Amino acid sequence: MRRLYSSLVDGRGFDLCLIGIPLAFLIVLSGIPLIYNVVMSFQAVDMFSLGSFIRPWVGFENYRQLIAQPEFWPIMGHTATFLAASIAGQFLLGFALALFFWTNFPGASWLRGLFLVSWVMPGLVVGAVWNWLLSGDFGVFNFVLRELHVISGNVFWRSDPNFALWSVIIANIWLGTSFNMILLSVGLSSIPADLYEAAELDGAGALTRFWTITLPMMRSTIGALISLGLIFTLQQFDLFAAITSGGPNNASNVAQYWAWDLSFKQYDFAKGAAISVIMIAVVMVASVYYVRSTRHEVRG
Amino acid sequence: MTKQIEFSGVNKHYGAYHALKDIDLSIDKGSFVALVGPSGCGKSTLLRSLAGLEKITGGDISIAGEVVTTLPPRKRDVAMVFQSYALYPHMTVEENLTYSLRVHGVARAERKQAAAEVAATTGLADLLHRYPRELSGGQRQRVAMSRAIIRNPKAFLFDEPLSNLDAALRVHMRKEIRALHDRLGATSVYVTHDQIEAMTMADHVVVLRAGVIEQQGRPLDLYDKPANKFVAGFIGSPAMNFLPATVTEGGSVAIDIGNGPLSLAIAVAAPAGARVLVGIRPEHLTLTAPGEGRFDASIAFTESTGSTTFVTTATTPELMVVETGRRMVASGDRVGLSFGDASIHVFDAATERRL
């Protein structure tokens with residue numbers, strides 16, 4: 001008894017406790033729901049069997065039906081567009097801003113902090129704000145584009161099938177840019193200044209220094225950021241709910257919104273689970289890449 | 001001798017802080033010049049101004065006859081070895097060495113050839129494909145120097161390159177850098193806070209304090225004839241002893257080292273009554289039997305390194321004596337202290353200038 005106690009207070013038992021508690025937490029709150037979801041995607045589920053874990057096994061039937069649905073490939077295409085455009089926009093704008101604030105003019109760090117306001121705002125609030133900005137009749141966005149002579153007539157961003165997805169992308173870029181900027185700023189500031197001095201003395205101009213010093217030194221930060229961006233963007237649900245609800249006619253529907261729509265509006269839990277499993281596979285790949293790039297950090 | 005580098009009336013202000021004050025300095029082609037001084041004296045600022053990494057706020061700098069004051073660093077054709085080495089961590093040794101060639105558009109085969117040649121002379125031939133993180137401190141130091149050599153620049157600038165190395169390696173690299181300088185016939189400017197590095201490596205030593213050149217000259221001239229108290233105390237290790245004294249009638253001085261006034265017969269070029277500082281280097285003081293030296297003192301403590309004994313006297317101010325070999329003296333012993341007149345330095349107490 002005493003040995004057990006002393007082991008728990010200061011010994012192997014204590015170590016096991018330290019590992020065991022968070023592990024139990026992860027299993028209960030992440031592992032089991034995840035496995036439950038995967039199992040469910042291979043079962044026939046209806047409103048009556050919702051409460052039981054043992055349900056008729058149907059193999060890949062849910063997946064087959066899902067892929068056979070006419071909206072499947074368009075929605076996957078929208079998801080890919082949403083991912084690529086959001087990540088590219090957030091990253092490029094974030095990098096530009098990070099480089100801008102890196103010049104360290106008076107008030108730079110203060111102003112950089114203010115930029116985080118967009119990131120701490122709830123997605124639904126951001127969605128509501130952008131609903132106003134993107135409004136077809138009286139939106140500021142249209143006004144600016146019209147005054148710049150980019151467009152001649154009003155664009156109905158949220159209800160035009162050609163623009164609905166892009167209205168969510170624009171809002172999402174706005175939402176994620178500052179997070180990208182902060183992480184890239186951290187990456188930039190961790191590059192020793194004397195490397196730039198050495199490169200300058202070696203004859204490198206500003207652009208050469210950017211390509212040969214900044215970008216390679218930022219490789220792990222950029223890798224981590226892109227994979228985090230992939231994960232966050234696949235989690236983006238609020239903006240779709242607030243701005244387009246996936247419409248019109250699925251024109252702005254993406255996998256994560258469709259999964260929710262199938263499960264909780266059409267009560268087709270099995271297909272909703274099947275989509276989630278497909279997304280889990282994608283996120284897994286991103287996570288592996290994320291872990292790898294943070295592990296291979298090059299620091300002099 | 002042609003002048004390779006010239007500073008004329010160089011000033012540098014950081015806001016209200018005046019870091020360099022009217023620096024005039026010319027450096028001969030092929031010479032090895034050390035800028036030495038305590039931290040914050042402006043020696044690094046002066047070097048960085050020469051490299052173009054700091055913009056000077058007044059005066060002109062020229063390199064090989066060309067005024068470079070407004071040129072950016074990359075157009076000055078000087079190479080710098082940084083204290084941190086500043087090796088590019090994401091590049092192999094070979095890529096580090098050839099970075100400047102690559103930036104200037106030299107073909108890959110030619111770059112490889114140049115790297116191989118330099119690496120062979122600096123002992124890096126086996127390390128060309130390693131990354132900086134896989135190298136020891138001394139090897140990184142060699143890479144940093146090779147990176148400078150490969151460019152064949154108009155001047156080599158060293159910013160405290162040895163301060164990250166351990167003592168034994170430092171002594172070794174001192175010789176290696178100097179040998180390299182001689183072999184290349186280069187012009188080198190070397191910043192250090194370590195006066196031993198300055199004395200042993202340089203042809204010409206420039207002592208700076210608070211942005212002003214206190215004295216410059218050949219190393220032994222600085223040791224033998226320091227222009228003021230600061231240089232006298234800075235050059236030489238352990239530091240020179242200073243005794244406050246008053247000039248008396250008949251060309252001698254009165255000193256007080258804690259137990260009453262004491263008259264020393266020293267020729268001083270100052271009127272009677274003038275307050276002066278008498279400087280004696282620890283290695284120029286010798287211990288004698290009591291009463292047989294110029295004056296007597298008690299010993300406070302002794303430190304021995306085996307080959308040398310450092311003796312500190314129980315006087316105010318304390319005096320340091322360096323004796324070669326082992327002296328069987330202990331704290332509390334009464335001894336006589338002797339010195340030759342030629343080894344005395346006298347400074348004005350107010351201006352601290354040499355008299």
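Predicted model: local features only at pLDDT ≥ 70, side-chain atom pairs only at ≥ 80, totals over all residues.
An unreviewed UniProt entry lists residues 76-290 of chain A under "domain: ABC transmembrane type-1". In the model, that span is 74% helix and 0% strand, and its end C-alpha atoms lie 23 Å apart. The unreviewed entry also carries the annotation "transmembrane region", which covers residues 12-36, 80-102, 114-133, 163-186, 222-243 and 269-291 of chain A. Two of these stretches can be set against the model. Residues 12-36 of chain A are 100% helix and 0% strand, with 33 Å between the end C-alpha atoms. Residues 269-291 of chain A are likewise 100% helix and 0% strand, and here the end C-alpha atoms are 32 Å apart.

How do two helices of chain A pack against each other? Two packed helices are described by the angle between their axes and the distance between the axes. For helix H9 (residues 164-189) and helix H12 (residues 219-235) of chain A, the angle is about 155 degrees and the axes are 11 Å apart. Angles over 145 degrees count as roughly antiparallel, so H9(A) and H12(A) are roughly antiparallel to each other. The crossing of H9(A) past H12(A) is right-handed. On the H9(A) side, the contact is made by Asn172(A), Gly176(A), Asn180(A), Leu183(A), Leu184(A) and Gly187(A). H12(A) contributes Thr221(A), Leu225(A), Gly229(A), Phe232(A) and Thr233(A). Sorted by class, the contact of H9(A) with H12(A) holds four nonpolar and seven polar residues, and no charged ones.

The contact between the two chains draws 18 residues from chain A and 20 residues from chain B. On the chain B side, strand E6 (78-81) and helix H2 (93-103) each supply at least two of the residues that touch chain A. That side of chain B is made up of 14 nonpolar, four polar and two charged residues.

Chain B has eight helices and 20 strands. The C-alpha atoms of chain B fill a box of roughly 80 × 45 × 35 Å along the principal axes, and 40% of its 355 residues count as buried. Among contacts in chain B between residues at least 6 apart in sequence, 63% join residues at least 24 apart.

Helix H2 of chain B, which supplies residues to the side that touches chain A, also packs within its own chain. The axes of H2(B) and helix H3 (residues 108-122) of chain B come within 9 Å and cross at roughly 125 degrees. H2(B) is therefore oblique to H3(B). The crossing of H2(B) past H3(B) is right-handed. Glu94(B), Leu97(B), Thr98(B), Leu101(B) and Arg102(B) of H2(B) meet Arg111(B), Ala114(B), Ala115(B), Val118(B) and Ala119(B) of H3(B). This contact of H2(B) with H3(B) divides into six nonpolar, one polar and three charged residues.

The loop between E6 and H2 of chain B holds Tyr85(B) and Ala86(B). A residue counts as buried if 20 or more other C-beta atoms lie within 10 Å of its own. Ala86(B) has 25 other C-beta atoms within 10 Å, so Ala86(B) is buried.

Thr45(B) lies in helix H1 (residues 43-51) of chain B. With 23 other C-beta atoms within 10 Å, Thr45(B) is buried. Leaving out residues up to four places away in sequence, Thr45(B) touches Lys12(B), Ala19(B), Leu20(B) and Glu54(B). By contrast, Thr45(B) and His284(B) are 36 Å apart in space, C-alpha to C-alpha, and 239 residues apart in sequence.

One joins Ser237(B) and Pro238(B), with omega about -5 degrees. Pro238(B) is in the loop between helix H8 (229-234) and strand E11 (241-248) of chain B. The peptide bond from Thr316(B) to Pro317(B) is also cis, with omega near -10 degrees. Pro317(B) sits in the loop between strand E17 (308-313) and strand E18 (320-324) of chain B.

How values were computed
Residues numbered from 1 in each chain as written. Chains lettered and ligands numbered in written order. Axes fitted to C-alpha atoms, helices over the stretch in contact; angles between N-to-C directions. Helix = DSSP H or I, 4+ residues; strand = E, 2+ residues; numbered from the N terminus. Parallel < 35°, antiparallel > 145°, perpendicular 65-115°, else oblique. Left-handed = near helix turned anticlockwise from the far one by under 90°. Contact = placed C-beta atoms within 7 Å. Nonpolar A, V, L, I, M, F, W, Y, C, P; charged D, E, K, R; others polar. UniProt positions renumbered as here; feature names shortened; annotations may be inferred. Buried ≥ 20, exposed ≤ 12 C-beta atoms within 10 Å, placed from the backbone.
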